[in-house]
Every structure is written in structure tokens, then in C-alpha cells.
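Student: Could you walk me through reading the strands and the surface of a model like this one?
Tutor: Gladly, let's take the features one by one.

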Amino acid sequence: RRTTTQARGSDMEHELTVPFATAVLGGEARLDVRRGDGRTEQIAARIPAGIDDGQKIRLRGQGDPGVGGGPAGDILVTVHVAPHPHFRRQGKRLDVRVPITLAEAALGAKIDVPTPHGTITLTVPPGASSGQKLRVKGQGIKPRDGAPGDLFAELAVMLPKNLSEADRKHLAAIAASYADSPRTELRW
């Protein structure tokens, strides 16, 4: 009479790069797993909302098969987050650089800004400067559990590319009317 020994299959490690939007909002990603017998299998992995770069997720029972009818091992997936061209992440905080026109900066304006959770309207205060940050509560990373982070919109005043000579003279006249230097507080 022979007895068979059951043993759990070994765990596998895998790395996966997901788009920035998938890391923020959650979703599904597919990974190709090469099995011991040489075949490649495609497995779906659920990516939880708010996952951080370098964080691991476990796919239970998807690793190497067990011995003698034992349970299969797991796949441990290290998730890497691809960068976004406009948004940056710091924990649950999202930062975005928002271009505004000279007129919007000087006069103030309501502008639409896309976010992962939909388009929002920001109020640019009159006299806004490049580098000024506007905070929008609750529009940052929204993890499964816990409070959502905030969105910080950094204003960037963009001048027209081809100012006419008349426009340059108007700007010079305006600048001459306000002799204060914006660098008076700048020290080493």
C-alpha cells in the first residue's frame, strides 16, 4: 500500500506595470505567467483603487500546482505605477500643474480641470501668480478604506507665444505703473 504525500505548490513572484489611472481608480490588469511545463497562461489581476508603487498583491491559488493533490501556491505581484504626463502622486495627495492665461491670472476666472473623478470647476482668484496652489478637498486618491486625499492645482501663467509689438508696449506700460519688484524678499 502506497501513501501519497500532499504538499502545497510553491509561490511565484511577478512584476506588473499598470497605468496611473488604474492605480488611482482601480481596475483589472492581465499578466502572462510562464508555467513549469513551458506554457504561458494569461491571468487577470484585480488592482485595488489607491494602490501605491511597489505595493504587492496576492493572487491566491494561481501559483505552481500542489504535489499529490495539495493546494496550489500563490502569485505575489509587485505593482509598479506608470507615470502620468500631468498628475503626480504623494500618498493620497494628487498634484497637477494647471496652465492659465495672463488674463485669467490678472482678472480671475472659473476654469474646468479634469480629475480622476470627473471634471471640476476651479476659481482662480484675481491677481493669481504662477506657483500658487489651490486645494480641492477630497479630489485626490480615494482608497478602499480611509478618507480620500486632496488635489492641489498649481497655477502656471502661460503667455501667448507671439505677442505683437503693440501688446508688448501695453505690457511695458502696465509694468511701469507698478514699480514694486517681485524679488524684494529674495535672499540667500
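Tutor: Keep in mind that this is a predicted model. We can begin with a hairpin.

Student: How many bridges join strand E8 to E9?
Tutor: Strands of a sheet pair through backbone hydrogen bonds, either parallel or antiparallel. Here E8 (residues 109–113) and E9 run antiparallel, joined by 5 bridges. Lys110, for instance, stands opposite Thr123 in E9. The hairpin they form has 6 residues between the strands, and Gly118 in the turn shows a positive phi of about 120 degrees.

Student: What is the order of the strands in the open sheet?
Tutor: The 4 strands follow the order E6-E7-E11-E10, with mixed pairing. Strands E6 (87–90) and E10 (133–136) are the edges, each pairing on one side only. On average, neighbouring strands of this sheet are turned by 30 degrees against each other, direction ignored.

Student: In which sense do E7 and E11 pair?
Tutor: E7 (residues 93–101) and E11 (residues 151–158) pair in the parallel sense over 8 bridges. Thr101 has Met158 in E11 as its bridge partner.

Student: And which residues form the nonpolar patch on the surface?
Tutor: Leu102, Leu159, Leu171, Ile174 and Tyr178 do, with about 500 Å² of accessible area together. Ile174 lies in helix H3 (residues 165–177) and is partly exposed, because its relative accessible area is 48%.

Notes
Residues numbered from 1 in each chain as written. Predicted model: local features only at pLDDT ≥ 70, side-chain atom pairs only at ≥ 80, totals over all residues. Heavy atoms only, no water. Patch = residues over 30% accessible without salt bridge, like charges linked within 9 Å, V, L, I, M, F, W, Y side chains within 5 Å. Areas by Shrake-Rupley, 256 points an atom, 1.4 Å probe, with all protein chains shown as cover. Salt bridge = Lys/Arg side-chain N within 4 Å of Asp/Glu carboxyl O. Helix = DSSP H or I, 4+ residues; strand = E, 2+ residues; numbered from the N terminus. Buried < 20%, exposed > 50% of the residue type's maximum accessible area, 1.4 Å probe, protein only. Pairing = 2+ DSSP bridges. Axes fitted to C-alpha atoms, helices over the stretch in contact; angles between N-to-C directions.
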